[in-house]
Amino acid sequence: MSQLRLALPKGSLEKKMRAFLEAGGIDPKGYADGSRSYTPDLGIEGVATKIMRPQEIPYMLSAGFFDIGISGLDWYQESEVQSNVEDLLDLGIGRVDIVVAVPQAWEDVNSPEDLFKKFVTSTGTKPLRIWTEYLNLTEGLIRRHTDLEPSLYSPYQRLNVERRAASPIAIFHSFGATESKPPDDGDAIVDNTETGSTLRANGLKIIHKVLANSTARLLVNRRSLRHRDKRPLIEKVRKALAVGVPARREEEPVFGHI
Amino acid sequence: MLEIPPPRATRDYLPEEAAERREVLDQFAHTAGLYGYRPVETPSFEKVELFSARSGPEIKSQLLVFHADHEEFALRPELTAPVCRLAASGALEDEPAPHRFFYTGSCFRYCRPGSGLLREFTQAGLELLNEPGPSAEAEIIAAATRFLRSVGVGDFTLRIGTVGVYRDLLPEKIDAEDRSTILGHLDRLASIREMCAQLATSGDKQLFDELNIDRKDVVIMQQRSEYEGPYAVADAQELDATALAERLPLEAEAAMRDTWSKEDYVADDVAEKLIAVSRLRGSLDEVVEQARGVLEGTRADGALANLLAVCDAVESYGVKNFEVVLGIARGLTFYSGAVFEICAPAAQGGKKYGGGGRYDGLIELFGGESTPAVGCAFRFDTLLDAVAANGGRQGRKAFDLFLEADGDGLSAARAAAETLRDRGVRTGVGPNAPADHTLRVGKLDGSGNVVIAGKSLSLDEVSQ
C-alpha cells in the first residue's frame, strides 16, 4: 500500500496548527512540542508526515514529492501551482494580508496608482525599488497597473536568465526583515502582515492589499486525489481537519440590491 | 465517449421553462416601460475593482474571476455597480435627467459546491438616477409591485425601512472601520431576528440548524468580550426551536452591545438607541411614534421624517399594504436612505424576491459627480418559482397549426405555410404533427384550402 506524504508547516503557524490538529482528534507527536525531529507522527496509518517551510510546500506538492500539505494561501498563489494543486479546505487560521507599504512620510502616495505614477512618469533616473519575498505576486501587481516589465535583483537570476535591464521598476528579492529596507535601500515593499503594527513601527503605511485574508489551507496534489489508495486517506485527513474549522454560515454577499 | 455535464452549479432551461422565463422578462420590460424606464446593457464582465471598491478585496472569493492581459476581471455579480460606472463615466451627459434605466441579465457569483445556489442566475432591476426626493423611492416601489402583480404574484410582503437612522445615530467622527463593524453587526442582528421570527411560525428544520450556527458565532463574540449577564449563551442549555427563536436575538443583542462597549466603538447610550431602533416594526404610525421616543433630540429625526415622506408617497401610488421595519436586514454599507424588500409571505417560506433602496454615494465612489440614486433588483429565479407555483403563465404550444403533408404534397404545403407565417400563424410542415407541440392539425386539399377536423378553410380564414 502506498503511503500518503503529508507536509506540515514550520514556523509561525506551528502552534496554531498543533491546536488545530488536536481539536480534530489528532495527536501530532513531535510537532510543535519542542522536539527537534522533522518527522512527526500523527498516528494515522499510511500517512508519513514531514515538517517543511510553508514557502516550499506548494511547489513540493506540485512536483509530486508530497501528496498533501498545509500552507498559506499566499504561498499557494505565489507558487502559481493552481493547475495541479487543489485548495481543499480553508482552515481559517494564521490570517495575514499581503500588502504594499511605503514610507508614511509620502503623503502623495496612497494607492498603487500613486506609487507607480510617482516613479514611472517622473523624469528621474532612479527606478522604483520594491523589496519582497513574493516575487510573482509583486510582478502580477506591476503588470496589472503598468505596461512595464520590472527588472529583478536576486542571487538566483543567472539560473533563469532573468532580466536586469534597466526598467523604471525593480523587484529586489528579500530574504526577510523586509520592513527594514525603506526608505534608504528601497521605496516600497510587498510583505505579509497580521495587524500592520510592525510596518507602522518601521515608518511604513499600507496603501494596498495584494491578497487579503490569506489563511492556512489544506492543499492537495490533484493526481494524488485521483489515486485509488491515497484518496480515502486524503479524505480521512480532510475530515479530521474540517472539525476544527470555525462554523461559518454562508454570509449574504454584500453586492448591489439583492 | 466524451461526457460533458453542465458546469457545477449551473443549469439548462428547456423550451417550456425558457419560454416562461422570457415571458416574465418581457413583462418586466413592459412594466418598466409604463413608468418611462429604458433598457441599458453593460458588459457581462468588469474589472474586479468595480466590485471590490466598496466592499474590499475580500469580496473576490465570492466572484468568478479570470485574468487577461495581466488584468483581473470578474463576471458581474450584480448590475447596479456597472450602471453606476456608466453614470460616473460621464456618458450620460447628453441624456435628459433624471435617468430611468432597467436591465435584465445574467449575473455570476462563486458559491461553495453543495450550497444549493446557482453560480449563474438572472437579475432584473430598475435604477432611477438624479431624483433626490421621496417620490423616487415611491415610484420604484410602485413599479416593482405592479410588475409582481402583472405576473400573477399578487401575494407578497413589502417591508420598508431606512438605514438613515443608523447613520445619523452614529457619531459623525466615528472611525470608519468601527462604523462598518457596527453596521455589519446590526445587519446580522436584523437577519437573525428575521430568521427567528420565521422559525417561530414555521419551525423549519433547516432554519433551526442555520440559526444554531449563528448562535455559535454569538458564543464566540460573547467569549471575546467576556460578556457576563442574563443572556450569556454558556448559561443556557441547547434550546428547542421555540425557545431559540425567542432567546437568540436577545443573546445576539447582548453580545453586540457588550462588544461595542468594551471595544469602545460607541457610547453606551448610543448603543442602547441603535439596538432599540433596530427592534421596531409594525404599521407606519406605530413605528414612527415609537421611533420618535427613541430618537428625540438626536440627528436621526431627519431620517425618520424622510421615511414618513417616502411611505406617504408609496401610499399615493395605491400601495398600502406594507410593514415598516426599521431593523430591515439590508446592506447598511450599501444604502444611504430608505430601503425596502419584497418577500414571499411567511406561509410560503418568506423567500426574498427582491429589494432596493436609496444609494446616494455610489456614483461618486466610482469617480462621478455626487448623484442621488434609487434602485431595486429582483432575484429572477426565485420569482420564477413563485410564478410557476401560482399557476404560471400559460405555456403556448410551439405550433398554432401543423400542416401534415408528405411526398408530392410537401412543396404546396411549404408554400401555404409561408403564407400563413406571413400572417402571424406559427406553422409547421411535415408528415406527422408532433401532438404535444401542436394546437391544431390540418391538411391541404386540392384547391389550396386547409382541412381542419373535417372543415375546409381558406388561408384567410385560417389566419383569423
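The pLDDT is the predictor's confidence in each residue, on a scale from 0 to 100. The structure described here is a predicted model, and in chain B the mean pLDDT is 90. This briefing covers confidence, a pair of helices in chain B and the domains of chain A.

**Confidence**
- In chain B, 98% of the residues reach a pLDDT of 70 or more.
- For the complex, the predictor gives an ipTM of 0.73 together with a pTM of 0.70.

**Two helices in chain B**
- Two packed helices are described by the angle between their axes and the distance between the axes.
- Helix H6 of chain B spans residues 176–202, and helix H8 of chain B spans residues 241–262.
- The axes of these two helices come within 8 Å and cross at roughly 170°.
- Because angles over 145 degrees count as roughly antiparallel, H6(B) is roughly antiparallel to H8(B).
- On the H6(B) side, the contact includes Ile182(B), His185(B), Leu189(B) and Arg193(B).
- Among the residues that H8(B) brings to this contact are Thr242(B), Leu248(B), Glu253(B) and Trp260(B).
- By class, the contact of H6(B) with H8(B) has 14 nonpolar, two polar and two charged residues.

**Two domains in chain A**
- The domain assignment of chain A places residues 4–95 + 215–242 in domain 1 and residues 96–213 in domain 2.
- The centres of domain 1 and domain 2 of chain A, taken over C-alpha atoms, are separated by 30 Å.
- Eight residues from domain 1 of chain A and eight residues from domain 2 of chain A take part in the contact.
- On the side of domain 1 of chain A that touches domain 2, there are one nonpolar, three polar and four charged residues.

Methods:
Residues are numbered from 1 along each chain as its sequence is written. Chains are lettered from A and ligands numbered from 1 in the order in which they are written. This is a predicted model: local features need pLDDT of at least 70, side-chain atom pairs count only at pLDDT 80 or more; totals for chains, interfaces and linings use all residues. Axes are lines fitted to C-alpha atoms, for helices over the stretch in contact, and angles run from 0 to 180 degrees between N-to-C directions. Helices (H or I, at least four residues) and strands (E, at least two) are DSSP runs, numbered from the N terminus. Angles under 35 degrees count as roughly parallel, over 145 as roughly antiparallel, 65 to 115 as roughly perpendicular and the rest as oblique. Two residues are in contact if their C-beta atoms, placed from the backbone, lie within 7 Å. Ala, Val, Leu, Ile, Met, Phe, Trp, Tyr, Cys and Pro count as nonpolar, Asp, Glu, Lys and Arg as charged, and the others, Gly among them, as polar. Domain bounds come from an automatic or database domain assignment.
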